[in-house]
Structure formats: structure tokens, C-alpha cells
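Open the model in your viewer and get your selection tool ready. We will walk through it one stop at a time.

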Amino acid sequence: MTIPERRPDEARIDEALRLLSGVPVELGVAVKRLGRGSGVYAWWAAPSVLPDLPGLPNENDPSLRLLYLGRATSLRGRILRNHLRRSGSSTLRRTLAGLLVAEGYRTTWTDRVVLVPEDEARLTAWMHTHLRLTWAEDPEPATIEAALVPRVHPPLNVHGVNPEHLQAAVVAAKNSYNASSRPGEPPRAP
């Protein structure tokens, strides 16, 4: 009997999943450890955070569940400059702001809908308090992300998710956020 040879991508996908399923770290620790290489990353939170959304439990810390999976050409840059700073360039931040509408996040229009500066800072603080991160470096993050999203069904992801796992609340939150401001309008709550 011969064992079928595994494609190199499969080994890389398995290794990325192993690393992403590692113990999630606090964001203050993550920002010190993140490299500048490309790769994939996963955001994790306790089930009490956004309790209406499902998410796979972390294998090494079952008190946390998967919320979002993304890719980056520079892990450090993507996490620090986008996800922890600017809603205009972070789908994750826009989705979180839409889901946290009861917290009164305010938006304004620049060349797109963005949070007002005070609420950008408030959302970053919320993320530091409630979210954890894992990552895996890989030279072809798009390949890894495309393989993992349909496998692990992160509830905050919309693209690449099998339709039966698409979360209506997430789609509604994204739409509400995107409709919350128009060109020339003053800041308002989404």
C-alpha cells in the first residue's frame, strides 16, 4: 500500500492551522512579537463577547473562541496600522463597530465611512480588553486563508464562508455601519 503524497500546500495549511490554534495572546504581547513577514492571523474572544455569534473553541484555551481569520502581506503592519488603528482600512473594525452599535460608536464620512477619532481610540481599547490574537507566517497567505476560512467558519468573516455558515447578524452589522454616514454628513451613531 502506498500513502498518497501530500501536496506542499496541505502541509503549509496544516501548519498554519496548528499555529493559529495555539494559545491566543493579549494584544499588548502580540504587537511586540509580530513579525513583518506575510501570513494569516486569527482573532479570539470569550463566548461572552458577542454572545450571539458561534465560533470554534480554541484547542489550547477553550475559554476563547474564534471570531475572525485574515491574511496580510505584513502581519505587523496589518495588525498595528489597520486593525488596531483605522476603521477605514479594517473590515474587522467596521464589523465590530456595527455589532457594538449599542455602545454608541459614531461615524463620519471621509472618502468612506469611518469612526470618529474618539471612537477609533475607544474601539482599539475595547479590542485590547476583549480580543486575543494568534498568527502564522506564510509566503502565500491568500492560499492559506482561502483554505482555512471554509474549514473553520470564523463568524465575522463574510468572504469565502460557506453560505450555510454566513452569519446574518454580521452581514446586517456591516450594512448598517456602511449606511451610517454619507458624504457631507456630520458624525452620527450607526
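In what sense do strand β2 and β3 pair, and over how many bridges? Select residues 39-45, which form β2: this strand pairs with β3 in the antiparallel sense over seven bridges. Strands here are DSSP runs (E, at least two residues), helices are runs of H or I with at least four, and both are numbered from the N terminus; two strands pair if DSSP finds at least two bridges between them. Click on Ala 42 and you will find Leu 69 of β3 opposite.

A word on the ground rules: this is a predicted model, where local features need pLDDT of at least 70, side-chain atom pairs count only at pLDDT 80 or more, and totals for chains, interfaces and linings use all residues. Residues are numbered from 1 along each chain as its sequence is written, and side-chain values use heavy atoms, leaving out hydrogens and water.

Now show the whole open sheet: four strands in the order β1-β6-β2-β3, with antiparallel pairing. β1 (25-26) and β3 (65-72) are at the edges with a single partner strand each, so one side of each has no neighbour in the sheet.

Next, select β6. Seven bridges join β6 to β2, and Ala 45 has Leu 131 as its bridge partner.

Last stop: Val 152, in helix α6 (residues 141-152). Val 152 is buried, at 9% relative accessible area. Leaving aside residues up to four places away in sequence, Val 152 touches Leu 17, Leu 56 and Leu 66, where contact means heavy atoms within 4.5 Å.

Note on methods. Buried means under 20% relative accessible area, exposed over 50%, partly exposed in between (1.4 Å probe, protein chains only).
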